[in-house]
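I opened my notebook and went through this model piece by piece. My entries follow.

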Amino acid sequence: MHIMEGFLPPLHAAAWTAVAIPFLVVGARRITRITSEHPRTKLLLASAGAFAFVLSALKIPSVTGSCSHPTGTALGSILFGPSVMAVLGAIVLLFQALLLAHGGLTTLGANIVAMAVVGPWVAYGCFRLTRPLGLGIAVFLAAMLGDLATYLVTAAQLALAFPDPVRGFLGALAKFGGVFAFTQVPLAVIEGLLTVIVVNVLNQYSRNDLDELGFHDRVRAGSSAALKPSTA
Amino acid sequence: MKRINLILLGLVVAIATLPLLLPVTRGLAEPFAGADAQAQAAITRAHPDYRPWFSPLWKPPGGEIESFLFALQAALGAGLLGYYLGLRRGQAQRRRADTTDVPD
């Protein structure tokens, strides 16, 4: 889903950067709050970032005969709320832009919006909606749909910048969507399965961290995403 | 739970290896090319007059360096995640051992 360096016209690049910045600010504040109120969850927060780090490095073959990668942003989103992922996802994207020439600085804003904002928010919303169906199903659907949403946003961003000469935005959306969507479906399933595995392991060994975050309470009560104040 | 996770992991491996076993790359110029590069190619095809106005500040000098950096990224992520899960697993086991021990 990385839009390559220089491959968005300056106006689009600036606009997406402007959209991304408020999410980064809110995400940074949220991280500061979580680490001061729930210091024992710091390592879990870092691990959620690490999950995105490793998954977005894995280019996996797909049935379309091309390769793409998962994003890994749903895990942190359902554990800590979607806003923290803006910052964690941006770190991943910055690493790849600076060291791998994968994505870019001018397209960083657009890529952050796709991978670190829309993906996590879709994952989070989906998780909340489908939670009554069972934890595993909700985690799977959240991660899968969050992953697909990210790629759909990338396709829309490219279609806005490069509308089809004849069929306009929708024609271009179908074209770029065709490049990403079919390739991404099996990878989104993989991302869903891997996220379920990690949540299962967390549930088994890391119950205290999840309780500290009110993960299960929040889910049962169906209340707002606000974290409980620390009781420790 | 361990069994469910093993089954899920098996599914992941199956989905990832299936494309390698099926004849899905027949007729493709480059087998298993990256989707990002394909999108870039689609742009240049439809808009041949578009010139990227900025280029990466630094590019990995060669494919080996690039794969080294990708491997490094994956290793850092997996290393930290593995450290965390191992730490919590050990703590959980010790807690369980402490509570089942009969105190003197």
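I began with helix α7(A), which lies across β1 and β2 of chain A and runs at about 45° to β2(A). Contact here means C-beta atoms, placed from the backbone, within 7 Å. Axes are lines fitted to C-alpha atoms, for helices over the stretch in contact, and angles run from 0 to 180 degrees between N-to-C directions. Helices (H or I, at least four residues) and strands (E, at least two) are DSSP runs, numbered from the N terminus.

I noted the source. This is a predicted model: local features need pLDDT of at least 70, side-chain atom pairs count only at pLDDT 80 or more, and totals for chains, interfaces and linings use all residues. Residues are numbered from 1 along each chain as its sequence is written, while chains are lettered from A and ligands numbered from 1 in the order in which they are written.

Next I looked up the sheet. It is open, has three strands in the order β1(A)-β2(A)-β1(B), and its pairing is mixed. Strands pair if DSSP finds at least two bridges between them. β1(A) and β1(B) stand at the edges, each with a single partner strand, so one side of each has no neighbour in the sheet. Two bridges join β1(A) to β2(A), and these run antiparallel. There, A:Ile60 stands opposite A:Ser68. Two bridges also join β2(A) to β1(B), residues 33–34, and these run parallel. A:Ser66 stands opposite B:Ala33.

Then I checked the chain contact. How many residues does each chain give? Chain A gives 54 and chain B gives 52. On the side of chain A, α7(A) supplies the largest share, 16 residues.

Note on methods: Contact = placed C-beta atoms within 7 Å.
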